[in-house]
Amino acid sequence: MEYKECLKCGHRNQNVLAGDAVKCPECGAYYAKVEAQLKREADKERAEAERRARELDAKRPKTQVKTYKGKQSRAVKAFQKEAEHLESQGYQPASELWEAGRWNAFQILVCLMFAFLFLFIPLIGWLIALFLVFYLLIARPPGTLTVTYKRDDQAG
Ligand SMILES: [Zn+2]
C-alpha cells in the first residue's frame, strides 16, 4: 500500500497518494519543510565530521622515525611488519639505515680479562681463551635498523 510517512512524527498517511500529500494530518508538519530541515542538519553534521577529520589529520606528524634492534634478518622482518601497518595510515618508508652492532669497550675488556684468566689453566683453559677471543672477533651484537617514514599526503 502506498503511503507518505511523516519524518517528524512517524505517522503514515495512507489516505492520499504519496505524491499528492503536502501536510501530515497527524502533527500538521509540512513534509517538504521537515525533509529540508533534516537535510540541512545532516549536511551540517557531515561538514562538521569532515572538519574534525581534517583537523585530526593535520595533527599527524609528517615524518616518523622507527628503530628495529636485533640481527639484521629479524630487524628487517620487524620493519616489514610495521611498514605494512604504517602504510595503511598513509606513511611510506623514505630511508633505511642499517648499523651493525659493535661490542663496546667494557664488553671487550671483560671478555679479554676472562680469556687472560683462562690462560692459567693449561690446555682446556687455553682453548676457552682462544674461543673467547674468536667470539669477540666473529660474533656481532644486535644491530639497529633505523627507518624514516614520510606521510604520503597525496594518498590521504
Ligand atoms: Zn506528522
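The C-alpha centres of domain 1 and domain 2 lie 83 Å apart in this predicted model. The chain splits into domain 1 (1–59) and domain 2 (105–139), with bounds that come from an automatic or database domain assignment. Residues are numbered from 1 along each chain as its sequence is written. As for what counts, local features need pLDDT of at least 70 and side-chain atom pairs pLDDT 80 or more, while totals for chains, interfaces and linings use all residues; side-chain values use heavy atoms, without hydrogens and water.

Now to the metal. The zinc ion is held by the SG atoms of Cys6, Cys9, Cys24 and Cys27, at 2.2 to 2.4 Å. Donors here are N, O and S atoms within 2.8 Å of the metal (3.2 Å for Na, K and Ca), and sites may look incomplete because water is not among the atoms. Along the sequence, the donor residues follow the spacing C-x2-C-x14-C-x2-C. The site is tetrahedral, with angles of 105 to 113° among its four donor atoms (four donors count as tetrahedral if all angles lie between 85 and 135 degrees).

| Residue | State | Relative accessible area |
|---|---|---|
| Cys6 | buried | 2% |
| Cys24 | buried | 2% |
| Cys27 | partly exposed | 34% |

As for disulfides (pairs of cysteine sulfur atoms within 2.5 Å), the structure holds zero.

Definitions and conventions: Four donors count as tetrahedral if all angles lie between 85 and 135 degrees; four count as square planar and six as octahedral if opposite donors are over 155 degrees apart and all others between 65 and 115; anything else is irregular. Buried means under 20% relative accessible area, exposed over 50%, partly exposed in between (1.4 Å probe, protein chains only).
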